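Look over the sequence and the model below.

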2 protein chains.
Amino acid sequence: MENKIPFRVLMGPGPSDVHPRVLRAMSTPLLGHLDPAFLTIMNETMDLLRYVFQTENKLTVAMSGTGSAGMETVFVNLVERGDKVIIGVNGLFGTRMVDVAKRCGAEVIEVHAEWGSIIDCTAVEEALKQHGDVKLVAVVHAETSTGVRQPLEQLSELVHMYGALFVCDMVTSLGGIPTNIDEYNIDAAYSGTQKCLSAPPSLSPVTFSERALHVMATRKTPVQSWYLDLSMIQSYWGEERFYHHTAPISSIYALNEALQMIKEETLEAVISRHTYFGKELQRGLENLGLSLLVEEGYRLPQLTSVCIPDKVDDVVFRKRLLEKYGIEIGGGLDSLKGKIWRIGLMGYNAKQTNVALILAAFKDVLTEQGITCK
Amino acid sequence: MENKIPFRVLMGPGPSDVHPRVLRAMSTPLLGHLDPAFLTIMNETMDLLRYVFQTENKLTVAMSGTGSAGMETVFVNLVERGDKVIIGVNGLFGTRMVDVAKRCGAEVIEVHAEWGSIIDCTAVEEALKQHGDVKLVAVVHAETSTGVRQPLEQLSELVHMYGALFVCDMVTSLGGIPTNIDEYNIDAAYSGTQKCLSAPPSLSPVTFSERALHVMATRKTPVQSWYLDLSMIQSYWGEERFYHHTAPISSIYALNEALQMIKEETLEAVISRHTYFGKELQRGLENLGLSLLVEEGYRLPQLTSVCIPDKVDDVVFRKRLLEKYGIEIGGGLDSLKGKIWRIGLMGYNAKQTNVALILAAFKDVLTEQGITCK
């Protein structure tokens, strides 16, 4: 395989580069999915996920699919046909939640904000007032399509005041900024492994509060997905160890190792590191004369969206960056296509070397394209 | 990770042992899921899957989940609420198909056979006659819970005579016995990577005929799963390269390498190897005085179910085998629990060494348990 893989520095919106220790973990020989030694690794992984999510939630497991499977897990398990759900849409992943929820038969009420802005509490409150009996409210904590950081505390209070469940997309936030599931009183969250956890894509960590468990336990209709049905998956990850499907052994090795490394560094230090280098990068880009999409205060340190200067061709620039430096960054999606680049400093990549490299490469390639950098 | 993994020989119903070359492929640094070099690997993987499935089907891809996700993919994409489907149930995976199909709103007609026997063509024909307008008929090609090999050719003819689609669970058959998708005229099939392909679990190869594509293209209702919706997944694996979800990069490296190894050996040789060593094992077990669950002629070479002698405790025996030899074999499921053991000789493990080892270990541990072997 190695001869097929060119040198790359993965500074897009994910996957991010994976630490050699995690890569090596994946090449460890397999165990059976019911082997006592593997069950120990699963237990460890659940504990480590609780630590990184900052929760005591018993139901904290890794689903056998990527982040989008985690999104679907939350909706198929919590929603029944006809349920009203409010979804904050301020980027692609809000839009995706709407699609997923509708396929579960939900009556979806969308609360919109401009891509690059946060979802406003007042707008959510109006929707809650207007539509009685809302089952859940969902927002994206770290919008991967824009780089916006959604504040959660006030929203969580509001949602619970109206008796709804609070659901968060934490695909890009987990391990990069505090997710504080218990402190913020979040009822369900899902994430991915290929962002700030710096493991390969293939699993989706999810966590559910006692309230969410109660909602699942008192469903009137079966979960429409067999593969993602938590009533059965709980019995495999739990003490019963009922066989459901074959767990992706090697991917769990990788996740376990990646989480172990976060624990060794401590979550606090990992988050500080993201904060520090994210700011360094953002300052550096502004110093080059570029402007950032998101207002200060709502920027994610792990994912920065920078506006493409008028005279620069998006695709030409990114192609050059890839070919000359091996650096991958992301383009804009949907309405932001051709308008922004997305630069990730996630997990293992949130370090001085990468900040210096990307700024130097940007300066060089922008200059080639006829832009005078400051 | 390595210090947590005891020595194991995986001779259960899967996962099977993975060749060191495939393990190493997984430790290769990641590429982005839209990187030109990764798209080349995806194209290669599709071609290799077509080779192993023996098909020209354009829609031949690896779904981002384990074999059960492949099962769900087939049903959510082909079935709409109210559709009639006939499912052959002669083991656990037939039962699972029934469950999955019902969650899609299908009206399921079950055709049963004893666990350990094949599904009878006449019984399927009766069901087809009795219920007009059946959309699809599904059977398990290699029942992992019993070791039965289902003949497909006659069944396929029959199903098509009644205008239905023919669907096969090929989780344990792909790469072990001929699947011959085009020759047998199979409309949809799904498999797993951790059986005869000897890659780690996490992907599910699927393939769909033109007729199946037409059925999907003319659906009246949306697919209930966003994650498994092939109308979108086709556009990512196809020429459009539309972003859907982040592909499990490292798992695809592993699958690519495993398939590459099959191509190097040639599919014909791989299948002969399974046939040869499967027979060796079955003869050896009978020579020890044990009897096999499945009638000769319907036995899978890659998975042998052997009846547990009356005086032997299932769990004690398997525990001893694991602790003394590091050998994992499978127990029976559901009604066969405590009655059979399941021994896999899949992919990389279908070799002389493993036949000799398991027979020697069986003889030793059976003797310890007071059984006089021949």
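Predicted model: local features only at pLDDT ≥ 70, side-chain atom pairs only at ≥ 80, totals over all residues.

**The annotated sites**

A:R342 is found in strand 14, residues 340–344 of chain A. UniProt, in an unreviewed entry, covers A:R342 with the annotation "binding site". Is A:R342 buried or exposed? Buried means under 20% relative accessible area. A:R342 has 6% relative accessibility, so it counts as buried.

The unreviewed UniProt entry also places a feature at A:K195: "modified residue: N6-(pyridoxal phosphate)lysine". A:K195 sits in a loop of chain A. That loop runs between strand 9 (188–190) and strand 10 (204–208). A:K195 counts as buried because its relative accessibility is 5%.

What is A:K195 in contact with, leaving aside neighbours within four places in sequence? The partners are A:P13, A:G14, A:S16, A:T144, A:V171, A:T172, A:M346 and A:G347.

Across residues 33–349 the chain is 40% helix and 17% strand. The end C-alpha atoms of this stretch are 31 Å apart.

**Backbone geometry**

A:P15 lies in the loop between strand 1 (9–10) and helix 1 (20–26) of chain A. In chain B, the peptide bond from B:G14 to B:P15 is cis, with omega near 0 degrees. B:P15 is found in the loop between strand 1 (9–10) and helix 1 (20–26) of chain B.

Two residues of chain A other than glycine have a positive phi. For A:S198, phi is about 55 degrees. A:S198 is placed in the loop between strand 9 and strand 10 of chain A, and A:K195 is placed in that loop too. With a relative accessible area of 4%, A:S198 is buried. For A:D334, phi is near 50 degrees. A:D334 lies in the loop between strand 13 (330–331) and strand 14 of chain A. Strand 14 is where A:R342 is found.

**An exposed loop residue**

A:E295 lies in the loop between helix 10 (267–287) and strand 11 (303–307) of chain A. Its relative accessibility is 55%, so A:E295 counts as exposed. How far apart are A:E295 and A:I118 in sequence and in space? They are 177 residues apart in sequence and 9.7 Å apart in space, C-alpha to C-alpha.

**Helix packing**

| Helix pair | Angle | Axis distance |
|---|---|---|
| Helix 3 (67–78) and helix 4 (92–103), chain A | about 45 degrees | 10 Å apart |
| Helix 12 (314–325) and helix 13 (352–368), chain B | roughly 120 degrees | within 10 Å |

Take the chain A pair. Helix 3 and helix 4 of chain A pack at an angle of about 45 degrees. That makes helix 3 of chain A oblique to helix 4 of chain A. Helix 3 passes helix 4 in a right-handed crossing. From helix 3, the contact is made by A:S68, A:M71, A:E72 and A:F75. From helix 4, A:F93, A:R96, A:M97, A:V100 and A:A101 take part. By class, this contact has 6 nonpolar, 1 polar and 2 charged residues.

Now the chain B pair. The axes of helix 12 and helix 13 of chain B cross at roughly 120 degrees. Helix 12 and helix 13 of chain B are therefore oblique to each other. Their crossing is right-handed. Helix 12 contributes B:F317, B:R320, B:L321, B:K324 and B:Y325 to the contact. Helix 13 contributes B:L357, B:A360, B:A361, B:F362, B:D364, B:V365, B:L366 and B:E368. By class, the contact has 9 nonpolar, no polar and 4 charged residues.

Conventions:
Residues numbered from 1 in each chain as written. Chains lettered and ligands numbered in written order. Heavy atoms only, no water. UniProt positions renumbered as here; feature names shortened; annotations may be inferred. Helix = DSSP H or I, 4+ residues; strand = E, 2+ residues; numbered from the N terminus. Buried < 20%, exposed > 50% of the residue type's maximum accessible area, 1.4 Å probe, protein only. Contact = heavy atoms within 4.5 Å. Axes fitted to C-alpha atoms, helices over the stretch in contact; angles between N-to-C directions. Parallel < 35°, antiparallel > 145°, perpendicular 65-115°, else oblique. Left-handed = near helix turned anticlockwise from the far one by under 90°. Nonpolar A, V, L, I, M, F, W, Y, C, P; charged D, E, K, R; others polar.
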